[in-house]
Each structure stands twice: as structure tokens, then as C-alpha cells.
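Dear colleague,

Please find below the sequence and structure that I am handing over to you. My findings follow directly after it.

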Amino acid sequence: MSSPSETHRPVMSREVLGFLLDAPGEIFIDATLGDGGHARALLSERPDIVLYGIDRDIEAIEFAKERLCGFGHRIQFIHGRFGEIAKKRDIPPAAGVLFDLGLSSRQVDNPERGFSFSRDARLDMRMDTSQKTTAYDIVNETSRGELTKIIATYGEQPGAGRIARAIDVYREKEPIETTLELAGIVRKAIHPATAADLARVFQSIRIVVNDELGELKRGLAGMLEVLMPGGIMVVISYHSLEDRIVKQFFVTEEKGCICDPDMPVCRCGHKPRLERLTKKPIVPSESEIKENPRARSAKLRAASKLI
């Protein structure tokens, strides 16, 4: 495990602070605490705030506890899924909520977690290591047809059918146990496979293992209830599936009526609850991408709660 003293650069920290520092209140939520980089920046810039840091990865919680110990009672740690916390925890109305989605560098670089296609490890990919389902289960027990859908839908990967067939043929002889085994199968199925191809296939399986898109939808809806009027929600996503969900959520909650356009009279009673602060997503600067290449796919969207 990395040392808490090691340097970690949170993605688009300056932009995040630009939205959150002036939020009207003293309670903030970092829904994806990770290594605590954004949390440390917020706590350092606003000595008056208390921050609730949430993460379903217990290793992340323990790492952040060491890294942020100097802030004492101003940081409260919660181990769990952010989609469930709003319903289960008594968190006061928050002035700001941050979601920084995706994997931390520490998770990717730890071969034991099984997230990387370039490091040999058992197929795992769980963000919460206490959950039962792993990547091994998805790869070895899901039907060929369902695997095709997973790779095509969540990886947006060309040749999904060929990849699923190659997986099916291989596992008829023996289980696929490791990340390098799976990467080798993909390379043979769509030769020559690029790093981007492998990343998309692994992403698709990881999304299913962790129910990432369902969790995101629940988290956005739940944290909107916790956010106080005038509060700010900031979301950083890393692929089009996440960004699409965030954009649609913000657009829907900015609208009044959401009835079918053919309805002569509004029956939904929906009222605008958000005002988008970013009509288009903000992306990292060229200098940030140069310093931190893993930031290159990040997109930031922000909104303010109306009611």
C-alpha cells in the first residue's frame, strides 16, 4: 500500500474549489473520498467546515484516515456506498457535495485488486472487498449472450461478440482466473488488440461487478435530498456512460414539467430543483493532463440546488 505521505494530485482540484469554496454552509460531503486529495484541499481552504468522507473501499478509508488525521473532528469517515448513505445516515443538510468517480491511482496500481490488465492478479475488481461477487464470477458464470451485452454496453467495445465467444470457448476447458489470462483472450479475439480495447473490456466487467451506473443514479438522487437550497453539487466523471447519466440528471432536475409532450395538462407536478452551473462539461487543462495523464478523460459538471 502507498504511504499517506506520498504526493497525490486530485483531478481538477482548482475547478472543484472554485465551485465549492463559496457554497453557503459549513457541512460538506465528499461522496468518493478515495485518497482524500479533494477533502484535504477543501479542509485546508475552509477552516470553518466539517466534511463527511464516504467510500465503499475500506482500504481507502484507512488510507485517508492517516492522511487527514491532522484535521481532527473536522473530518468524519463513513464506510459504505454513497447511494445508500443518504437514506441510512443522519447527515446534516450539506452546502456542497462532490463526486469524483472512477478508480484511484492506488487501486489501479495495486495488483492484488485485479483492476489492471497489465498486472497479473486474480480477477477481482471489487471496490468493496466485503461484497461477494467478483470479476471471476462475471467472467466465468455469465452467459455468452449476456457477456456480449456487457462488453458492448458498458465498454462500448467493437467486436464484443467475438470477445464473448473467445471467453466462452476458453472457459469450457478451464476457468479464467487471472487478469493476464483474460487480457490474453481479448488480444487473440480482436488481434491486434490495443491498450484502449483492453481498458474498455475491463471497464465493462468492473462496472457490472460494482453496479457503478446504478450506484451513480442512486447517489445523485440521494445526495440531492441531502443538499441544502443554494448548495452546490460537483461531479467528475471519466467515461461517456457516467457523464451521460450526470448530464441527464442535471437537465431533468433543471426542468419543470417532465410529462410526455403529448400530455395536454401537466400531471407530474415536477418542479425545477437544480440550476446547471456548467452547460457544457469542464475538462482538464493541457498542463494538468501533461502532469497527470490519468486526468485526460475527466469531465466536470456542477449545479446549484434551488429548492
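Predicted model: local features only at pLDDT ≥ 70, side-chain atom pairs only at ≥ 80, totals over all residues.

The protein is divided into two parts: domain 1 covers residues 13-106 together with 213-305, and domain 2 covers residues 111-211. Between domain 1 and domain 2 the count is 4 salt bridges. There are also 10 residue pairs in polar contact between the two domains, with both residues of each pair at pLDDT 80 or more.

On the side of domain 1 that touches domain 2, three helices each supply at least two residues: α3 (58-67), α11 (212-226) and α12 (240-254). Helix α11 gives the largest share of that side, with 4 residues. Sorted by class, the side of domain 1 that touches domain 2 holds 7 charged, 4 polar and 4 nonpolar residues.

How many residues of each domain are in contact with the other? The contact involves 15 residues of domain 1 and 14 residues of domain 2. The C-alpha centres of the two domains lie 29 Å apart.

The size of an interface is often given as the accessible area lost when the parts come together. For domain 1 and domain 2, the buried area is about 1,300 Å², and 47% of it is on carbon and sulfur atoms. Within domain 1, the residues that lose the most area to domain 2 are Arg56, Leu103 and Leu241, which together account for 41% of what that side buries.

**Salt bridges in the structure**

Side chains of opposite charge can pair when their charged atoms come close. In this model the count comes to 20 salt bridges. Three further pairs are described here.

The side chains of Asp168 and Arg144 meet in a salt bridge, at 3.3 Å from N to O. Asp168 belongs to helix α8 (residues 160-173) and Arg144 to helix α7 (residues 144-154), so that this pair links distant parts of the chain, 24 residues apart. Arg144, at 36% relative accessibility, counts as partly exposed.

A salt bridge also joins the side chains of Arg206 and Glu212, with 2.7 Å from N to O. Both residues are buried: the relative accessible area of Arg206 is 11%, and that of Glu212 is 9%.

Asp243 and Arg301 form another such pair, their side chains meeting at 2.7 Å from N to O. Because Asp243 lies in helix α12 and Arg301 in strand β7 (residues 299-305), the pair ties together parts that are 58 residues apart in sequence. Asp243 is buried, with a relative accessible area of 8%, and Arg301 is buried as well, at 5%.

Finally, some salt bridges share partners: Arg81, Asp211, Glu215 and Arg218 are joined in this way into one network.

With kind regards

Conventions
Residues numbered from 1 in each chain as written. Heavy atoms only, no water. Domains from an automatic or database assignment. Contact = heavy atoms within 4.5 Å. Buried area = accessible area lost by both parts, 1.4 Å probe. Polar contact = N/O pair within 3.5 Å; in protein donor to acceptor, adjacent residues only side chain to side chain. Nonpolar A, V, L, I, M, F, W, Y, C, P; charged D, E, K, R; others polar. Buried < 20%, exposed > 50% of the residue type's maximum accessible area, 1.4 Å probe, protein only.
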